[in-house]
Amino acid sequence: MKKAFKFSYMVILSLMVFAISSCTSDYDYTGAPKVANEVYFSNTQESKIELSKSNSSFVVTLHRVKTEGEQTVLLKYTADEGSIFSVPSQVTFADGKAEAPITITYNPENLQYGTYNGGTISVASEECDTTYGIGSFTFKAGATEWMDITSNKSMGAYREDVLTTFFGVENAVDEVKIQKSVVEEGKYRIVNPYASWKGEEGTTYDSENDHYWVINATDPDFVYVETCHTGLAIGDYGEITVTSKVAYNLEGGASLDLIKSKKPEWFGTLKDGIITMPAKSLLISMANYNNGGLYEANKSGLFAIALPGNAIANYSVEAAYKGRFTDANDNDFAQVTMSLSADVAKVKYALVPASCDLNATVSGIVDGSVASEEVSASGDVQVPFDETGKYVLVMVMYNANGEAVGSDVLNLSLKSSKDAAEVWNDVAAGTVTIGAKSYGSILFKEDPGVLMGKPVVTEGVLSQSGSDPTKFRITPFAVEKAPLEFTVAEDGTITVETQETGLALKDGTAILVTDILTYFGADSDDGKFLASKGFISKYDSSKKLYTFFNIYTDASDNAYAFESDTFEVTDEGKAKIHAAFAKAKKAAAHHSAVVSAKAHKMYVAKRGAWAK
């Protein structure tokens, strides 16, 4: 925009130069004639006027340039349809005064809350002029339906569970201004619910206008959220609009009584000053995404609004995968640490295959049809599993009253110790470089650098599966007992499925590795963007070089690094492979399995949006 503006300015400047060079020195300038009786309306005068039923008039001010003598100015009022206002036909300036008040009257009994109208007041005196000012004033006046809630605490609170649906953000709690209707008891309005997001990188916010979210709690057992144009846009998605299934169907012509009878589960409640909505009862749309299509939000059921003077309970559970444990009887367990927030009395959890319907699993845990275990305090749990595969640990949170108040999940890729030993054939020796280059600036707001802090170079051995010729592994990779396994397609494209690295944080959280396109999905918007920038893991046969674009995360999808790792083939002779293997194992034994790294929120620079 700045370049375009500058270009336009230069075009105008060149035209001006041409015009000046074409004129003669005989050109005379004649200014506008001076006017003795100049009057005007100020351009800073508020055109939207708030009224009260306890008053019957308000004042608009007319100004003049010369203040000597008394001066009467005729006025003309062009009223809007339905206007309830009376405007005098003239106004008089007192001697020495530059301002004259125009008193506009109305019958307060005719005020309708939420209705604004007015008209235009114009200067009608022929002897007056407004050459240098504004000769008319257009106004709208009325009484607002809304008033601030007075309390020992002036602000309310809002726990977000809408943007989490698409952008992977936390369920943040923000202070918000809340108003109540003076017309309908139990109707509330949230003022600019997303104003606090306007400073976030990658967002734009319409701060020129107010944006309201109306909560209809006239029946506290059947609460619903009306449509809110948030004014917020993230990246290229366009403005975000939020509504509820109830409001969407009301706008479509369904009656409130019908929705109550057919879909009571769509409604929230107002209880003890806290408004909550059921999981998936809200809808989100983005103007530039899929033609503004609607998608379910409030997936965790944590959406909440606290009226002033009340507080939102902190319901959350953090889970971190620590690795696999195999006991003396060869039973496998996923070791997980759970951290319960202060208001969570207990968590019931169940491990299910990733293909399961997670919403049905949550419902099953709640009604008891899905077998689960439970914990009532933060700590480590061991979750049994039988086979290698992708799983989800589904966790349901309960409050002190035994009510389910939300849910969360932990995605796990688990490998059984009972898997048949795969036969690997060593095919090459080479140089392993972990952390050849960091590309964190593509994904994160702050580039964390490479995982190990600096590139780590060791010898390694490339092996090929005896049963699947497209499957390879590099031993050792990060540590001796954790090779990097991957597949190579016919065109040389490499895929690294999520797997353990053998590395862990100081608190024991296991570090996982995945190639970047597999992590995001090659067909996703993020995947396509990254592929277009060349972040495709690949084998270059001419250089005998395997290049991996790997992302390092934990099982909770906290990210620690995005970097390139390489394996360069140096020899394919068996004797040298054997020597390299011995050398590599010796070097890997000196590697620390503990890394010091900081978790980063995923961020995609192309869209300026948090990634799922």
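The model is predicted, so local features need pLDDT of at least 70 and side-chain atom pairs count only at pLDDT 80 or more, while totals for chains, interfaces and linings use all residues. Residues are numbered from 1 along each chain as its sequence is written, and side-chain values use heavy atoms, with hydrogens and water left out.

Begin by selecting Y519 and F520, an edge-to-face pair with 5.3 Å from centre to centre and 90° between the planes; rings of Phe, Tyr and Trp (its six-membered ring) pair if their centres lie within 6.5 Å, and planes under 30 degrees apart count as stacked, over 60 as edge-to-face and the rest as tilted. Both Y519 and F520 are buried, where buried means under 20% relative accessible area, exposed over 50% and partly exposed in between (1.4 Å probe, protein chains only).

Next select Y539 and Y546, whose ring centres are 4.1 Å apart with planes at 25°, so this pair is stacked. Y539 is partly exposed, at a relative accessible area of 24%, whereas Y546 is buried, at 6%.

Then select F41, F58, Y77, F85, Y106, F137 and F139, which form one aromatic cluster.

For a charge over a ring (NZ of Lys or CZ of Arg within 6 Å of the ring centre and within 35 degrees of the ring normal), select R189 and Y212: the charged end of R189 sits over the ring of Y212, 3.6 Å from its centre. K48 lies over the face of Y116, at 4.6 Å from the ring centre.
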